[in-house]
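Here is a short report on a sheet, a helix and a pocket. Please look at the structure first.

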Amino acid sequence: MGVASASAEALVFVDGYLLGFRSEHIQSLIDPVVRREAAMAVGILDRGDLMFEIAQRLPLLSGQRAMRREIFERVPRDLRKGFQIEEAINYLCKMNNEPVAVVHLTGLSQIQKVEKRGLVAGAWGYMKMAAQVAKVMVMMRVLRLVRAI
């Protein structure tokens, strides 16, 4: 299953624990990619307009994405897991001057790690996520120096 079994030129990824998910959310992610306005579209969950503005200025860590297949295929296989892939794709787009659309997914939210796992396990989950993101930020820069990605 997964990307290997898909034949489309555009790929869509969404998290499994979303609240308020509708087909319009997928459409708003895929439209900029299909129209060739962006190589990738990243969906920002609905936390209000101010948070949407702030989120656009931070690393785009969101499981809600659409992208051209070629973008995904350029990610080294060992970085195609966990939160690493999100930063790896961000970095590839940035280094290759690929346009990225940021989409406000109105009405869409998610169950937070703390809600799913409790305070301690949820906080540990956030720390592991931050460590994965930091690791891939370094790895992508090293890989860029060592080989063309």
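Which element gives the largest share of the lining of the second largest pocket? Helix 4 does, with five residues.

This is a predicted model, where local features need pLDDT of at least 70, side-chain atom pairs count only at pLDDT 80 or more, and totals for chains, interfaces and linings use all residues. Residues are numbered from 1 along each chain as its sequence is written, and side-chain values use heavy atoms, without hydrogens and water.

Four strands build an open sheet, ordered 1-4-3-5, with mixed pairing. Strands 1 and 5 are at the edges with a single partner strand each, so one side of each has no neighbour in the sheet. Strands are DSSP runs of E, at least two residues; helices are runs of H or I, at least four. Pairing takes at least two DSSP bridges.

| Element | Residues |
|---|---|
| Strand 1 | 10–13 |
| Strand 5 | 100–105 |

Strands 3 and 5 run parallel, joined by six bridges. In one of them, Val 42 pairs with Val 102 of strand 5.

**Loop.** Leu 61 sits in the loop between helix 2 and strand 4. Its C-alpha atom is 8.5 Å from that of Val 42, 19 residues apart along the chain.

The lining of the second largest pocket has six nonpolar, one polar and four charged residues. Nonpolar here means Ala, Val, Leu, Ile, Met, Phe, Trp, Tyr, Cys and Pro; charged means Asp, Glu, Lys and Arg; the others, Gly among them, are polar.
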